[in-house]
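Visitor: Hi, could you walk me through this one? I'm new to reading structures, so please spell out the terms as we go.

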Amino acid sequence: MPEAPRQIRKFPSAILLAALGASLAACSGGDFGRTRADMRSDDMHRWLGVEATGSLGLKASQFQLTDEERQLRDLAYPMIEPPLSRPAWKSVFGDYKTIPSPWHQKIVFDRTMYGRTLIDEPHRSHSSRYAQLIEDVRNDITRFEPFFASAIRVIDLDRKRNATMARVSELSPREREDAVARMQENSLIVQWVQQCLEQRVSSYRWALERLVIQAPDGMAADADRLIGELAAQTANPPVMSQPPYGRAVVSKG
């Protein structure tokens with residue numbers, strides 16, 4: 001009998017702990033700062049095409065995304081989101097936000113922002129800053145080939161789509177408009193990524209120069225080599241973008 005009250009007192013505590021654990025689990029982000037699974041959806045990056053065309057005064061397509069087009073947008077987002085743009089507390093809560101396209105006139109690229117953030121953030125040592133820079137550049141190099149492989153497939157399919165439209169029976173004006181709009185979206189997304197890569201190379205170089213000035217280290221050579229590799233890939237992409245109005249992206253080779 002004396003044990004009964006003690007067990008009764010433990011019961012509310014167990015409920016409280018369980019509720020606290022559930023609430024923390026609900027607030028936590030995904031592994032390694034990735035967006036939580038319950039915040040993801042198949043078309044979560046569809047807005048990229050809408051943002052790109054809308055910023056130029058063009059209409060977005062009402063067609064559903066194909067698997068290839070969806071993959072293009074999924075692969076584009078991490079290359080468009082600026083590195084170090086997500087504070088640690090937002091990563092914990094699985095932050096996800098849309099990003100203005102580079103065709104918005106109010107958008108001004110600041111090549112110093114990445115480097116200033118890297119240097120100003122608390123680090124255990126200057127070596128960890130070099131390590132962060134190297135990791136960010138290496139991530140971009142790793143993402144480069146999958147994205148452009150996807151871009152080539154989408155562009156080739158758009159070329160076939162464009163050639164087929166002339167032979168489609170009873171093609172309505174709305175269908176034609178949506179088809180053209182989708183091809184414009186796909187082209188602009190590729191151009192968006194290319195512009196972001198060029199900006200990243202510039203930002204990485206600025207950051208490395210400041211790190212070398214403030215804290216010279218042998219790791220600078222590795223960082224410089226990787227930045228050079230990314231710059232070479234960016235200068236010679238598998239697809240070459242063209243101005244968006246009335247012109248398509250051209251596939252090389």
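Visitor: Which residues is Arg-182 in contact with, leaving aside its neighbours within four places in sequence?

Guide: In this predicted model, Arg-182 is in contact with Arg-46, Ser-61, Phe-63, Gln-64, Leu-65, Glu-69, Arg-73 and Arg-161, once its neighbours within four places in sequence are left aside. Contact here means heavy atoms within 4.5 Å.

Visitor: Where is Arg-182 found, and is Arg-182 buried or exposed?

Guide: Arg-182 is found in helix α7, and with a relative accessible area of 1% Arg-182 is buried. Buried means under 20% relative accessible area, exposed means over 50%, and partly exposed lies in between, using a 1.4 Å probe and protein chains only. The C-alpha atom of Arg-182 is also separated by 8.0 Å from that of Gly-49, although the two are 133 residues apart along the chain.

Visitor: How are the helices picked out and numbered?

Guide: Helices (H or I, at least four residues) and strands (E, at least two) are DSSP runs, numbered from the N terminus. The protein has eight helices and two strands, and along the sequence they follow the pattern α-α-α-α-α-α-α-α-β-β. Residues are numbered from 1 along each chain as its sequence is written, side-chain values use heavy atoms, and hydrogens and water are left out. Since this is a predicted model, local features need pLDDT of at least 70 and side-chain atom pairs count only at pLDDT 80 or more, while totals for chains, interfaces and linings use all residues.

Visitor: Back to Gly-49, then. Which residues in α2 are buried?

Guide: They are Trp-47, Leu-48, Gly-49, Glu-51, Ala-52 and Thr-53. Because six of the eight residues of α2 are buried, this helix is largely enclosed by the rest of the structure. The cover over the buried residues of α2 includes α3 and α7.

Visitor: How do α2 and α3 cross?

Guide: Their axes come within 10 Å and cross at roughly 65 degrees, which means that α2 is roughly perpendicular to α3. The axes are lines fitted to C-alpha atoms, for helices over the stretch in contact, and the angles run from 0 to 180 degrees between N-to-C directions. Angles under 35 degrees count as roughly parallel, over 145 as roughly antiparallel, 65 to 115 as roughly perpendicular, and the rest as oblique. On the α2 side the contact is made by Trp-47, Leu-48 and Gly-49, and on the α3 side by Arg-73, Ala-76, Tyr-77 and Ile-80.

Visitor: And what covers the buried residues of α3?

Guide: The cover includes α2 (47-54), α6 (126-165) and α7 (173-214). The buried residues of α3 are Glu-69, Arg-70, Leu-72, Arg-73, Ala-76, Tyr-77, Met-79 and Ile-80.

Visitor: Now the loops. What can you say about Ser-55 and Pro-82?

Guide: Ser-55 lies in the loop between α2 and α3 and counts as buried at 16% relative accessibility, and the C-alpha atoms of Ser-55 and Trp-103, which are 48 residues apart along the chain, are separated by 6.0 Å. Pro-82 lies in the loop between α3 and α4 and is partly exposed, with a relative accessible area of 42%. Leaving aside neighbours within four places in sequence, Pro-82 is in contact with Ile-99 and Arg-200.

Visitor: What about phi of Glu-170?

Guide: Phi of Glu-170 is near 55 degrees, a positive value in a residue other than glycine. Most residues other than glycine have a negative phi. Glu-170 lies in the loop between α6 and α7, and at 78% relative accessibility Glu-170 counts as exposed.

Visitor: Last topic: where is confidence lowest, and where highest?

Guide: Confidence is given by pLDDT, the predictor's confidence in each residue, from 0 to 100. Confidence is lowest in helix α4 (residues 88-92), at a mean of 42, and highest in helix α8 (residues 219-235), at 97. The pLDDT is also below 50 over residues 243-253, a stretch with 28 contacts in the model beyond near neighbours in sequence. Where pLDDT is low, the predicted coordinates should not be read in detail.
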